[in-house]
Amino acid sequence: RNTFPFDPAQVPTQQRDLVGIGAHYRLALGERLFLSGTIRHDANSDFADATTFALAGAWQAGAGTRIHASYGTGVTNPTFFEQFGFNPGTFTGNPDLTPERARSIDIGIEQRIGGSLLVDVTWFDATLVDEITSLFPTVINDTGTSRREGIELSARAERGTLRLSGSYTWLDATDPDGTREVRRPRHAASLDAAWRFGPQDRGEIAAGAIFSGGLLDTDFRDFFSTFTATKTRLDDYWVARLSGSWRIGASAQLFARVENLFDRRYEEALSYASPGLAAYGGLRVRLP
């Protein structure tokens, strides 16, 4: 319920209702096959009722091999601003919008190599129909299909007091017209390392970095002269972090961390600055 209109034209207050009910079931067959299923029904006051579901399974194939897969559907209702607007004359809501509908599938294999290395490779594919997109001064449901397909690779290793982990994602995300989706990098990766030290492993030092490949974003800087939004490429960036901690007894821990260690300047969204170098420290205490 919109209780704080931005403009007198929005009065009387707009309201809509949703009541949802769901069920989840998990099944383990021995120690090798694990299955789960979820179903949900939403009753909407403003939109058609919707039923969505998700299925997942994992099979321990032996010799350190695990095969996993999932399939699911979903709906996303329009936001209040998209449906009702927020400033008449500047942005007009569209009361005829329908919810976005999505489905996704993923299949992967996890393999343990030796006693310390775990590797996982997963392929995924997702589609979105009735995507809500801007058509100034309002929004509409797009008539095509948006698709996201890619591969995720992750690895984790631990030996003694040293722990390493990393991931990489390749993503092909397109709009219904076949162009790349905004704010979705084609390449993304992360790397983390942690080392425990001291008596009873009381201390830990950790370092990590994330990488984001170049992506596109919607550029509105010349919108009011051309009434056309363009897509502008944002540069690749990587950001590093460093942290440390020391346990004091059984219930207290000193900690410190530094984010954006090298004070990198980067953009996740066009013309919006991201946080620079920042340092934090403190004491954590667990009460009995």
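## Aromatic contacts in a predicted model

The charged end of Arg-257 lies over the ring of Tyr-280, 4.2 Å from its centre; a charge sits over a ring if NZ of Lys or CZ of Arg is within 6 Å of the ring centre and within 35 degrees of the ring normal. In like manner, the charged end of Arg-284 sits over the ring of Phe-255, at 4.0 Å from its centre.

This is a predicted model, in which local features need pLDDT of at least 70 and side-chain atom pairs count only at pLDDT 80 or more, while totals for chains, interfaces and linings use all residues. Residues are numbered from 1 along each chain as its sequence is written, and side-chain values use heavy atoms, with hydrogens and water left out.

The structure holds six aromatic pairs. Rings of Phe, Tyr and Trp (its six-membered ring) pair if their centres lie within 6.5 Å; planes under 30 degrees apart count as stacked, over 60 as edge-to-face and the rest as tilted. Two of the pairs are set out here.

| Pair | Centre to centre | Angle between planes | Class |
|---|---|---|---|
| Phe-53 and Tyr-71 | 5.9 Å | 35° | tilted |
| Trp-195 and Phe-197 | 5.1 Å | 25° | stacked |

Phe-53 belongs to strand S3 (residues 50–62) and Tyr-71 to strand S4 (residues 65–76), so their pair ties together parts that are 18 residues apart in sequence; strands are DSSP runs (E, at least two residues) numbered from the N terminus. Phe-53 is partly exposed at 35% relative accessibility, a class lying between buried (under 20% relative accessible area) and exposed (over 50%), with a 1.4 Å probe and protein chains only. Tyr-71 is partly exposed at 30%.

Trp-195 and Phe-197 form one aromatic cluster with Trp-246. Trp-195 is partly exposed at 43% relative accessibility, and Phe-197 is partly exposed at 24%.

Technical notes
Helix = DSSP H or I, 4+ residues; strand = E, 2+ residues; numbered from the N terminus.
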